[in-house]
Amino acid sequence: MALNLKDYFRTLYGDQIVNIPLLAEAHVTGTTRLLEKRSEMKELERALAAHKEEFEMRMENLRQHKDDQVEREDQLKKSMLKFDTFLKENDSKCNRAKKKAIIDREVVRQKELEIERLEKDIITLLARKEVLQEKVKRKAIYWEFLDKVIKRSKKFEEIRELLGRIDTLLVTREQLLQKDNEEQEHGEALRLHLRKFVEEQGNLVLQRNNQLSALQTQLDHARMVAFKWETTWNHIQSTAAKETLLLGQIKVVTLNLFHMMGGKTSQDKGVPIDDTVQQLEQIQLFIKDKAVIVSDLRNTDPDPSSSTVAEI
């Protein structure tokens, strides 16, 4: 264990360890060895303490250096941030300056264009001024004429009054023309309305004529139907007369047969003279009775001649 520690400390602190000469083993006792070991331990402790102190000093230097490094880094970061902010502000100022320069150039270009336009307008106005001056020169004769009219006239004292009167007359003329146009338009509207009314009345008359024609057709058809039914009625009346005559003949024949068989037609005891049905019933009963009698006679009489006479 001692050899290992010795080798370890020699490796770390080879220059600082003091070599102590060893006594001969023959003269070294146990106490001496113990003292030597204690002395070595003290030397080692002193060396370790010195090394520890040196290590702490180095660590303190390192911490100080680290703090300085951190502070420098913070200062460097702050400087970088300030520089970055400065660059951004500088870029922003440059961009604003560029934009302002572009805007200024555009404003200058617009102003130059406006100047060119105004110069063209000035040229146009000067040309128009020359034209108007030429017109004034040509129409100066009219002004002189109006001046002469004012001098000779008693109603007007200034040319302005004469021009106002002329304007009033022109306005009145325009109003009269407008009124005349309105009257003509109104007359044209009335003529159109009259034409439309005549056309509508013509269409209405044509419609009424068509309705009248349709009604006349219906009347002719109704007359034909009435004539047909009148003919039918006459035929019915003629047939009814014949039937009535036949019925009268039947009633007379029936009454004669009823009297021949001995029937009576008094109202109290006999059959009424107008009751043909009851008379026929009585005749039917009479014939049935006679038929029964004849049948009985045929059954009882062997002589066929007598039967024939009886039948007759």
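Here is a quick tour of this protein chain, from its helices to its charged spots. The model is a predicted one, where local features need pLDDT of at least 70 and side-chain atom pairs count only at pLDDT 80 or more, while totals for chains, interfaces and linings use all residues. Residues are numbered from 1 along each chain as its sequence is written, and side-chain values use heavy atoms, with hydrogens and water left out.

**The overall picture**

- The protein chain has five helices and zero strands, so its elements read α-α-α-α-α from the N terminus on. Helices here are DSSP runs (H or I, at least four residues), strands are E runs of at least two, and both are numbered from the N terminus.
- Buried means under 20% relative accessible area, exposed means over 50%, and partly exposed is in between (1.4 Å probe, protein chains only).
- The chain exposes about 28200 Å², and carbon and sulfur atoms supply 59% of that area. Accessible areas come from the Shrake-Rupley method with a 1.4 Å probe, and for residues only the protein chains shown count as cover.
- Take the contacts (heavy atoms within 4.5 Å) with a separation of 6 or more: residues 24 or more positions apart account for 25% of them.

- Thr 254 sits in helix α3 (residues 159-260) and is buried, at 4% relative accessible area.
- Leaving aside neighbours within four places in sequence, Thr 254 is in contact with Thr 276, Gln 279, Leu 280 and Ile 283.
- Thr 276 belongs to helix α4 (residues 276-300) and is buried too, with 12% relative accessibility. With the neighbours within four places again set aside, Thr 276 contacts Lys 251 and Thr 254.

**Patches on the surface**

- Patches are made of residues with over 30% relative accessible area and no salt bridge; like charges are joined within 9 Å, and nonpolar side chains (Val, Leu, Ile, Met, Phe, Trp, Tyr) within 5 Å. Lys and Arg count as positive, Asp and Glu as negative, and His and the chain ends are not counted. Each charge is placed at NZ of Lys, CZ of Arg, CG of Asp or CD of Glu.
- Positive: Arg 128, Lys 135, Arg 138 and Lys 139 gather in one patch. Lys 139 lies in helix α2 (residues 30-152) and is exposed at 51%.
- Negative: Asp 67, Glu 71, Glu 73 and Asp 74 form a patch. Asp 67 is in helix α2 and is partly exposed, at 46%.
- Nonpolar: Phe 55, Met 59 and Leu 62 make a patch of about 280 Å². Leu 62 is in helix α2 and is exposed at 51%.

**Salt bridges**

- Side chains of opposite charge can pair when their charged atoms come close. A salt bridge here is a side-chain nitrogen of Lys or Arg within 4 Å of a carboxyl oxygen of Asp or Glu, and the count comes to eight.
- Arg 58 pairs with Glu 54, with the closest N and O atoms 2.8 Å apart. These two are four residues apart in helix α2, so about one helical turn separates them.
- Glu 106 and Arg 109 meet at 2.6 Å, N to O. Glu 106 is partly exposed at 34%, and Arg 109 is partly exposed at 40%.
- Arg 191 and Glu 188 form a salt bridge, with closest N and O atoms 2.6 Å apart. They are three residues apart in helix α3, so about one helical turn lies between them.
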